Amino acid sequence: MFDDLRDLYQEVIFDHNRNPRNFRVMDNADRKVEGFNPLCGDRLTLFLKMNGDVIEEASFQGSGCAISTASVSLMTEIIQGKTEAEAKQLFKKFHEMTTGKDEHFNLEAIGKLAVLAGVREYPARVKCATLAWHTLDAALKNEQQSISTE
Amino acid sequence: MTGFDVNKIRQDFPILAEKIRNKPLVYLDNAATCQKPQAVIDSIVHLYSHDYANVHRGVHTLSVRSTDLFESARTKVKDFINARGDKEIIFVKGATEAINLVAQTYGKANIHSGDEIIITAMEHHSNIVPWQMLCEQTGAILKVAPINLQGELIYAEFEKLLNDKTKLISVVHMSNALGTINPVKQIIGAAHARNIPVLLDGAQAIPHMTVDVQELDCDFYVFSGHKLYGPTGVGVLYGKQALLEAMPPYQGGGDMIRKVTFTETEYNTLPYKFEAGTPDIAGVVALGAAIDYLTAIGMENIAAYEAELLAYATEKALAIKGLRIIGEAQHKGAILSFVLDKIHPHDIGTMLDSLGIAIRAGHHCAMPVMDFYQVPATARASFAMYNTKTEIDVLMNGITSLIEVFG
């Protein structure tokens, strides 16, 4: 019935939505930033444990749609062990992929995150996918206040 | 019902023949804005093709024609809501501007530090923020009458808020997020017993029921044209003449003046005092066409048909496991707001869109209502006179299937 949506709602996304990874409050976090999408009410808190400029641990709390939950869940997995510079580079690539400006974007280069490429076709849902990354960006800049997609 | 034929009505709305993602459009976002009948579309084309010039200006033929059409639309609005006269009908951009107008003119002139304004917990942001701004400017206090879990105003609590400091009550006639129809006559009765004026936000109510401002005895009534099958960019402020006469103007400019020198300006009479600048001429004319169209069908027929639709949709929705209706007031308009267990409204919206079904997913510009129900957002199907039971079946099948997919 929902054949048209297969690119957007891939099984990996349903999986992360049902069982989000790293879904917990981190008491000893070095960085804690709240992300908010006022348009749809998605809200998440991202926690980072740093070791120098390496992200040692990442976790999150919050509620959102399947796209935003899967996106933040995947992100917390993928950024662990990455340096700040590497994480920022990933954000840049992720942003390029989801906004779809580059037609020749190499999906293989972004690994697991490629499952979120489907949002390119759904402009109303791009922000659901990027909220996690904007929140990470703020956390890496050590901005303690909450950030908003608007 | 006398001669209400939904299939005939559907033929009048060209957009209903559109295919969305290769499926027939099922348009259930009418509380956000509703679609336009051919008569409204034609009236705009006809005006610009044959009768258009600026209004209230020149002596030339087209200006006279345009002015006549514009002013006859005002009379249509007056008759539609049964105002006493054309002077009580002010054309604005929409319900939002109308509320801001009252806040910044009547409010600034009559509401002072320590005075109180009462709204309800189910207001749209457009009936919250203008009053917050006024309170910030004047030092007045905004009081909020609570609602119960069914989404109904707790009338006894509302009444307790009334006191000698209350200077204005501004209440939604029908809630856009919950569908609740408020006991506005009772509210107005209690307010008038204390000489407190009442503004009714009729943006949602106006397309669903007969509105008679004399019978309601409200002091102000506001609505938007685009929710009444008319175009965007035009709305109406109704006000009792004596109140409007006493109010200072809203914006300064052309049309709202009688005489201007560099030392003083004499303002125009009602309704022009509040209509500075060239108005949305085509919008007003097309709103008149929408009113003609609705009057021919009969608001009481529309109300009866929509009540049937809502009852049918509610019954079907309650049969879906994991679906919770948000807003179960006894007295309710054709809006079905709901949430599903573990499925976010945005996912519901995208999934249903792939089936050609347009619903709203979000906070409906009523964030305090979402907070009250402790949900980030709801999915909302809102019905209009052109919707059918078949479309409701399509919606409910869609919901059932997406619950399966999410598992």
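Biologist: Which strands of chain B does α12(B) lie across?

Modeller: Helix α12(B) lies across β14, β16 and β17 of chain B, and runs at about 160 degrees to β16(B). Helices (H or I, at least four residues) and strands (E, at least two) are DSSP runs, numbered from the N terminus. Axes are lines fitted to C-alpha atoms, for helices over the stretch in contact, and angles run from 0 to 180 degrees between N-to-C directions. This is a predicted model, in which local features need pLDDT of at least 70, side-chain atom pairs count only at pLDDT 80 or more, and totals for chains, interfaces and linings use all residues. Residues are numbered from 1 along each chain as its sequence is written, while chains are lettered from A and ligands numbered from 1 in the order in which they are written.

Biologist: In what order do the strands of that sheet come?

Modeller: The open sheet has four strands in the order β13-β14-β17-β16 (chain B), with antiparallel pairing; two strands pair if DSSP finds at least two bridges between them. β13 (323-325) and β16 (360-362) of chain B are at the edges with a single partner strand each, so one side of each has no neighbour in the sheet. From one strand to the next, the twist averages 30 degrees.

Biologist: How many bridges join β14(B) to β17(B)?

Modeller: Four bridges join β14(B) to β17 (residues 378-382) of chain B. B:I335 stands opposite B:S382 in β17(B). α11(B) packs on the sheet, touching β13, β14 and β17 of chain B, and its direction makes about 10 degrees with that of β14(B).

Biologist: Turning to the chains, how many residues of chain B are in contact with chain A?

Modeller: 15 residues of chain B are in contact with 18 residues of chain A, contact meaning that the C-beta atoms, placed from the backbone, lie within 7 Å.

Biologist: Which element of chain B gives the most to that side?

Modeller: α12(B) gives the most, with four residues. Both α12 (345-353) and α14 (389-406) of chain B supply at least two residues each.

Biologist: And the domains of chain B: how far apart do their C-alpha centres lie?

Modeller: The C-alpha centres of domain 1 and domain 2 of chain B lie 28 Å apart. Domain 1 covers 6-30 + 298-406 and domain 2 covers 41-296, with bounds from an automatic or database domain assignment. Their contact takes 21 residues from domain 1 of chain B and 22 residues from domain 2 of chain B. On the side of domain 1 of chain B that touches domain 2 of chain B, the largest share, four residues, comes from α11(B).

Definitions and conventions. Two residues are in contact if their C-beta atoms, placed from the backbone, lie within 7 Å.
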